[in-house]
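This report goes through one protein model, from single residues to the overall fold. The sequence and structure are shown first.

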Amino acid sequence: MAKHSLKPRSAYARRCIVLTTKHAKSIAIASPLFDKLKASVLEYVVDTDQLGTFSGEVERSGNALECARKKCEWSLDQLGDNVKYALASEGSFGPHPFIPFLSCDHEILYFIDRKHDFHLHLSHVSEKTNYRKESIDSMEGLLKFAKAAQFPSHALILRPNDRETKTFIFKGVNSQQELEESFEECMKQAANGRIWVETDMRAQFNPSRMAVIKELAENFADRLASHCPACETPGWGKVRAESGMPCKWCKSETKIINHEIFGCAKCSYKETHKPAHGLRYADPENCEFCNP
Ligand SMILES: [Zn+2]
Ligand SMILES: [Zn+2]
């Protein structure tokens, strides 16, 4: 059975998908959607900071997924019935879920299709990020931080004291002169003699993040190019994986993925597929009986 039901022609060919953003993300998103779907992406520039900022001046209300959905709905409501497709991206940064000492970038793309009447979101976790933050008391320390953060191709944010400082803040710092000046200004304001520095994670100031968003946009475009075998709605693809592959020696269930469930973005039709690696049995080293 075919994993993907690829139609010769995309449902989004010559259609316009509105991308709600303040951070020029079409740089990463437009080309995969054009190459794979022949869709054009139009940026709808709104002050998405109202929905929360990375640097913490405005706390994000709700989780990243809700935020991305709100951005899509915002555009659709503002632009009226002429627009049927909306896309938004949202990122969060922090320790890797499985490798705590490693930072990671968790990106979400949320899509609403009002013509075919469905919502679809995909996410991507990547360790390709410069995300870091530190309390610093010297220019020497700041330069060391800047080097590790891939400055100046990646911008920094500086403020006096600690992360709680909301009003005195330098963002998008991406030149040596700006770095030195903002350091001096922050030091003048710093009651505790320290400044807080962090990576600026806004996409247009962070090429690593832009690249991760692009990887996700590639997957997303593939997904929208795939149609449900039952109802023909775009967005067909893997919705979850189930573990339980039998051990090669004792045949008991392991935590290795045994099959993948494919589903539709709209109807309840599902298919079960063998995982792409094609193995039937798990290596006994993954078995809690053979290798406790
Ligand atoms: Zn076993
Ligand atoms: Zn369907």
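## A buried cysteine

A residue counts as buried if 20 or more other C-beta atoms lie within 10 Å of its own. Cys186 has 23 other C-beta atoms within 10 Å and is therefore buried. The model is a predicted one, and Cys186 sits in its helix α4, which spans residues 176–189.

Leaving aside residues up to four places away in sequence, Cys186 touches Leu158, Arg159, Pro160 and Ile195. Asn161 is 25 residues from Cys186 along the chain, and the C-alpha atoms of the two are separated by 8.1 Å.

## Overall make-up

The protein has 292 residues, of which 35% count as buried. Its secondary structure consists of five helices and 14 strands. Taken along the principal axes, the C-alpha atoms fill a box of roughly 65 × 60 × 30 Å.

Contacts between residues at least 6 apart in sequence were also sorted by separation: 63% of them join residues at least 24 apart.

## Domains

Three domains are assigned: domain 1 covers 5–129 + 203–231, domain 2 covers 133–199, and domain 3 covers 240–286. The centres of domain 1 and domain 2, taken over C-alpha atoms, are separated by 30 Å. Seven residues from domain 1 and 11 residues from domain 2 take part in the contact between them. On the domain 1 side, the residues that touch domain 2 divide into two nonpolar, four polar and one charged.

## Packing of α1 against α5

How do helix α1 and helix α5 cross? Helix α1 is made of residues 26–37 and helix α5 of residues 207–224; their axes come within 8 Å and cross at roughly 25°. Angles under 35 degrees count as roughly parallel, so α1 is roughly parallel to α5. The crossing of α1 past α5 is right-handed.

From α1, the residues that meet α5 are Ile27, Ala28, Ile29, Pro32, Leu33, Lys36 and Leu37. Their counterparts in α5 are Met210, Ile213, Lys214, Ala217, Glu218, Ala221, Asp222 and Leu224. Taken together, the residues of this contact divide into 11 nonpolar, no polar and four charged.

## Backbone exceptions

Most residues other than glycine have a negative phi, and most peptide bonds are trans. Ala24 has a positive phi, near 50°, and is not a glycine. Ala24 is found in the loop between β2 (16–21) and α1. Is Ala24 buried or partly exposed? Ala24 has 15 other C-beta atoms within 10 Å, so it is partly exposed.

Lys38 also has a positive phi, about 60°, although it is not a glycine. Lys38 lies in the loop between α1 and β3 (40–45). With 14 C-beta neighbours inside 10 Å, Lys38 counts as partly exposed.

Which residues does a cis peptide bond join? The bond joins Phe151 and Pro152, with omega about 5°. Pro152 lies in the loop between α3 (139–148) and β8 (156–160).

Key
Residues numbered from 1 in each chain as written. Chains lettered and ligands numbered in written order. Predicted model: local features only at pLDDT ≥ 70, side-chain atom pairs only at ≥ 80, totals over all residues. Axes fitted to C-alpha atoms, helices over the stretch in contact; angles between N-to-C directions. Helix = DSSP H or I, 4+ residues; strand = E, 2+ residues; numbered from the N terminus. Parallel < 35°, antiparallel > 145°, perpendicular 65-115°, else oblique. Left-handed = near helix turned anticlockwise from the far one by under 90°. Contact = placed C-beta atoms within 7 Å. Nonpolar A, V, L, I, M, F, W, Y, C, P; charged D, E, K, R; others polar. Domains from an automatic or database assignment. Buried ≥ 20, exposed ≤ 12 C-beta atoms within 10 Å, placed from the backbone.
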